Amino acid sequence: MRKVTYIPESGDLNAEVMTGDELMDATTTVVRTIARDHDTNVTFAGEGAATDGDSVILPTIDGTAKVTRRQALVVGGYANHETLHKLMTDFDRLKPRMRRWHREGRHLTKAMANAIEDVRIEHGGQVLYNGMPKAIDKTSREVNREFIDNIYPQDKSVVEDFGKIGPVAVTWEGRRRLGYPDASLTEALDLLPKDIRKQVEKIVDATMALDHGVSGMGQVNRTKAFDGSIEAAKLAERVVRQHMNKLRKQQQQGQETKGDGQGNGQQGKGQGDDANQCSGDDGQPTQGGDGDDVGSTGRVRVSGDGDTGGEQGEQQTPTSYSNSQEIDEQQSEDDRDSDSDNRGAGGEGTGDEEITEPQPLNAELDQVIKQVSAEINANRPKSSPYIVFAPSEDQVVHWRDDKRIKKHTKHFAESYAELKKMMSSQLGTCRRKLERVLTAMAQTYWENGKRSGRLDVRRNAARIVQFGGNVFRRRTEEASINSALSILIDLSGSMSGDKLQLSAQASIAIAEALEPVGVPLEVSGHHTMLTTKTSQAHHQRTNFDPTYGRLQNIKMPIFKGFEDSLSICRSAMGAIPYYAYGANADGDAIMMAAKRLLDRREERKVLLVLSDGSPAYSSETKCEHQHTRDCVEWCRANGIRIVGLGILDDSVRRYYPEYIVINNIAEFASTYVDQVAKLLVDTDGRDSELMQTSVRKGTKFA
């Protein structure tokens, strides 16, 4: 057994160490690293937690919430566990079995299969990455403590019922053997009766022998791993079949004891009619079985033919669950898929008595991750009641990766040329105004130590006499521009037509004017959409309280990146008038653009937001207007000069302390483009401290 570095229980685990955004970013990175697939989709959506073989799905976490170290470890551990499922579990072949179990009400079989598979993949994960037990230990601990501290004290008899405790006990024993250090595993196992613990240990013996497909660090043979997941499901079916056979024997003995002396035991063989009549009197199986979970719709047919094999008597636990001990396994499990298949003891008799598979305790980690995410969201700032339903599904798509732009490159290039032609005179005006502002701000100084230029006699007299080099000086002019500019365009459906064309013209005018001076410029847009993962999460919701500030996702196409020269992305810029779609979640889009802008090294950062009206998108909290104002103030507080440009609409005055309204491109070129240039050189004399604290009152920008 490998030694695991333990993260001890201490007060440090309750210290706040990051925000929700940082936790989601870190979790996504770790999952993609473990999965060896940097395209793995990590979805934070709704309240669900699972993996479907393609994506790792986690509950929504508020980006502004404070996260403790313990919470981060629990979320990260669960993500690691689900990533192992993605690597080693054959979902395509298991789904038909799972559907069949669900259809037949085979609760214990399903729970046992999940428990065995969890141990199997974590066994492989221990080989795949030595630190995996350490990563999952805190997640496991939360599940264990929930049982020890809350469930067990309310019903101590639960540990005496294998049908209820069996699956979760398998995970306890399995993780104990894998070296998980938390003491809660031993504490939970010590609560089990000796016979049940012995049975659990034998199941884990067989589980540890299953092939996980991992041959070394970072090396997974997925064919072997997937085959192992099918063997895990078969093992679960054998375990539960033996358990249900045992219950049938106990029930038959109880019926014989209560019989009227008319040969019930003989009639039970092959017929079962009198057995049915006897059980109908009390309506319950006898003590010691899980059949008293009568609310289940699942059923196991009990034949009077006796055991098929592998049982030595009702009080005996199975001696082995290895693949060599087959119980009625002559047929392939994959071939026995019909609804009419009898899976209790494999009998063929008619009139057999039916007992149901019990509903076991939840042995999976998803419950605790839901609780932890709820705790994190409850810890968000009171001033930020805004939670996005599926923040991980928001998309930033660079023009190089945009299939639509690739497909219509020629058409969009022609569109750019046409837009430029339509405002040729205005482009000249924009350039002249920009040059005038930059010239006024230019700084002139002499650079010494040059090999050519004007002879610098005063500083280099001795070197001149000695025929030294580098004795000249040159005058240099440098504009005081240390700025980055981002243009964010509302691409919602209401912008289609003249408004989006005007937005494209204004963006092109600024880009063409700034290109010669090399000011970093990004031009992006935004609209809402609904991704497949988000749609699925909506359908799986169980809590419909007005919780989420935004239900839809945002798509942000990048028409020109900061590092892109204008010459290579003109076709992308020409696509702007054709991108109207969906609604506009202005506040969230502003945050996305602002965070990209903050990554720039330039001292001054300017964000121009082009919009034709108020934010309008699907929200349960109906706080989109205040949220937009909050995001604008966040930008100002973080050193970003943000200005709203109203496109044929003055609604921007409601959200932006600084704004202008554009009615046509000629007005923009003649009146406002020099103001944009002044933003880049910060000539308004505004005190930087006031900008940081957002004290400045909102006034019209002109």
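1. Where does Cys623 lie? In this predicted model, Cys623 sits in the loop that runs between β17 (604-611) and α21 (624-637).

2. Staying with that residue, is Cys623 buried or exposed? With a relative accessible area of 18%, Cys623 counts as buried, because the cut-off for that label is under 20%. Tyr386 is worth a look here too: 237 residues separate Cys623 and Tyr386 along the chain, yet their C-alpha atoms are 7.8 Å apart.

3. Now for the chain as a whole. You will find 23 helices and 19 strands in the protein chain. Of its 702 residues, 53% are buried. The accessible surface amounts to about 31300 Å², and carbon and sulfur atoms account for 46% of that.

4. On contact order, take the contacts between residues at least 6 apart in sequence: 81% of them join residues at least 24 apart.

5. The largest nonpolar core holds 74 residues, and the members that touch the most others are Met112, Ile116, Phe147, Val170, Trp172, Leu192 and Ile376. Helix α9 (residues 222-258) is the biggest giver to this core, supplying 10 residues.

6. Setting aside neighbours within four places in sequence, Phe147 is in contact with Tyr152, Pro153, Val158, Val159, Ile165, Trp172, Leu191 and Leu361.

Definitions and conventions: Residues numbered from 1 in each chain as written. Predicted model: local features only at pLDDT ≥ 70, side-chain atom pairs only at ≥ 80, totals over all residues. Heavy atoms only, no water. Core = buried A, V, L, I, M, F, W, Y, C linked by side-chain atoms within 4.5 Å. Buried < 20%, exposed > 50% of the residue type's maximum accessible area, 1.4 Å probe, protein only. Helix = DSSP H or I, 4+ residues; strand = E, 2+ residues; numbered from the N terminus. Contact = heavy atoms within 4.5 Å. Areas by Shrake-Rupley, 256 points an atom, 1.4 Å probe, with all protein chains shown as cover.
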